[in-house]
Amino acid sequence: MSQYPTQPGSSPAKAIAIPAENVWRAKLTDYIELAKLRISVMVLATVVVGYLLGSRGEFNIIVLLHALWGVGLVAAASSMLNQVLERRTDALMPRTQNRPLPTGRVTSLETILFASVCGIYGTLHLMLFVNPLTAFLTLSTLIMYVAIYTPLKRCTSFCTTVGAIPGALPPVLGFAAAGHGLTLDAFWLFAIMFLWQFPHFLAIAWMYREQYAKAGLHMLPGQLPRKYVTGSMAVLYAIALLPVSLMPVYFGVAGPVYGVIAAAFGIAYLIYSIRFLRDETRQTARKLLFCSLFYLPVILTTLTISYLNT
């Protein structure tokens, strides 16, 4: 049994006994939150897509599982180290102030040690059981995200562009894990992921722009940009995404069914971006965000099915 006082300064006699298993359950929950499990699952889903496209019909479930384990550990390490660096700014924003580090439920030292174990072991696992290229790219993703993107958030809105690079690499990691090197197909995967992120993250950044500005984070141009700036950027990236998403058809990677679906969903993504531009409100930003979350799995799933049937 563990004991925690009902409030700071309370006497041991008034302490409430809490079962040890509940303490460990709470600690496990905190570490899962630090690892950003939902984001990690999305990352691993794109790794699977990349692996299927890069396997050229030589599917090896054992190699894929090794890749998912190693990439998953490094992705968790990236999230944890990112939150260590941002613990003070997280404490200033309502959307993040209840995270384990700002509240003190987990210490920075604990997090750094656990993240280091995950990052080092995950990289070595990829090196030994997948291939050196995948290990190198995965470690590079961690370095770009933690050592470059995270500090830049305090300096310039260009951080969004920098952060989009590691954000677009997971399918490339899966492609590399297939063992056939990187080809132009891997580039189109990267390009689709890279461009998709901008309307997605611009919508989030606009919704929480005042919190970010208060915390000193430059997630939008000028922190609190003039009207139409954020919406215009979302529209431009949505326009760029349309032809890029159709390149797999042009190069024979995917069939016409994928082309029709990619065009339809690309136009929908653009329409929601235009609506956000015309009326920059929390409602239009949220709808753009939901559209982005619907767009990506549909496009990647259709691309994978089309590629395997081509």
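**Charges, rings, cores and spaces**

The charged end of Arg209 lies over the ring of Trp206, at 3.7 Å from the ring centre, where a charge is taken to sit over a ring if NZ of Lys or CZ of Arg is within 6 Å of the ring centre and within 35 degrees of the ring normal. In the case of Lys227, the charged end sits over the ring of Tyr228, 5.1 Å from its centre. The model is a predicted one, in which local features need pLDDT of at least 70 and side-chain atom pairs count only at pLDDT 80 or more, whereas totals for chains, interfaces and linings use all residues. Residues are numbered from 1 along each chain as its sequence is written, and side-chain values use heavy atoms, with hydrogens and water left out.

A pair of aromatic rings is described by the distance of the centres and the angle of the planes. Twelve aromatic pairs are found in a search of the whole structure; rings of Phe, Tyr and Trp (for Trp, the six-membered ring) pair if their centres lie within 6.5 Å, and planes under 30 degrees apart count as stacked, over 60 as edge-to-face and the rest as tilted. One of these pairs, Phe190 with Phe194, is stacked, with 5.8 Å from centre to centre and 20 degrees between the planes. Both Phe190 and Phe194 belong to helix H10, where they are four residues apart, about one turn of the helix; helices here are DSSP runs (H or I, at least four residues), as strands are (E, at least two), and they are numbered from the N terminus. Phe194 has a relative accessible area of 18% and is therefore buried, given that buried means under 20% relative accessible area, exposed over 50% and partly exposed in between (1.4 Å probe, protein chains only).

Tyr269 and Tyr295 form another stacked pair, at 5.2 Å centre to centre and 25 degrees between the planes. This pair links distant parts of the chain, since Tyr269 lies in helix H13 and Tyr295 in helix H14, 26 residues apart. Tyr269 is buried, with a relative accessible area of 0%, and Tyr295 is buried as well, at 1%. Elsewhere, Phe187, Trp188, Tyr250 and Phe251 make up one aromatic cluster.

Which residues have the most contacts inside the largest nonpolar core? They are Leu53, Leu189, Tyr212, Met219, Leu241, Tyr258 and Tyr269, in a core of 49 residues; such a core is a set of buried Ala, Val, Leu, Ile, Met, Phe, Trp, Tyr and Cys residues joined through side-chain atoms within 4.5 Å. Helices that each supply at least two residues of this core include H2 (37-54), H10 (184-207) and H13 (256-278), and H10 gives the most, with 16 residues. Met219 is in contact (heavy atoms within 4.5 Å) with Tyr149, Lys153, Ser157, Cys159, Thr160, Ala205 and Tyr212, leaving aside its neighbours within four places in sequence. A second, separate core has 19 residues, among them Ala67, Val130, Ala135 and Leu137.

On a 1 Å grid over the protein atoms alone, a cavity is a set of points where a 1.4 Å probe fits but cannot get out, while a pocket is an open set with protein on both sides within 12 Å along at least five of seven lines, and lining residues have an atom within 4 Å of a point. Grid points are joined across faces, edges and corners, and a volume is the space filled by probe spheres set on the points. The largest cavity has a volume of about 50 Å³, and its lining consists of Leu53, Asp185, Trp188, Leu189, Ile192, Pro248, Val253 and Leu303. H10 provides the largest share of that lining, four residues.

The second largest pocket holds about 340 Å³ of space and is lined by 16 residues, of which Ala35, Leu37, Gly72, Leu73 and Ala76 lie nearest its centre. The largest share of this lining, six residues, comes from H3.

Phe114, in helix H6, counts as partly exposed at 39% relative accessibility, and it touches Tyr31 and Met80, not counting residues up to four places away in sequence. Gly179 lies in the loop between helix H9 (170-177) and H10 and is exposed, with a relative accessible area of 53%.
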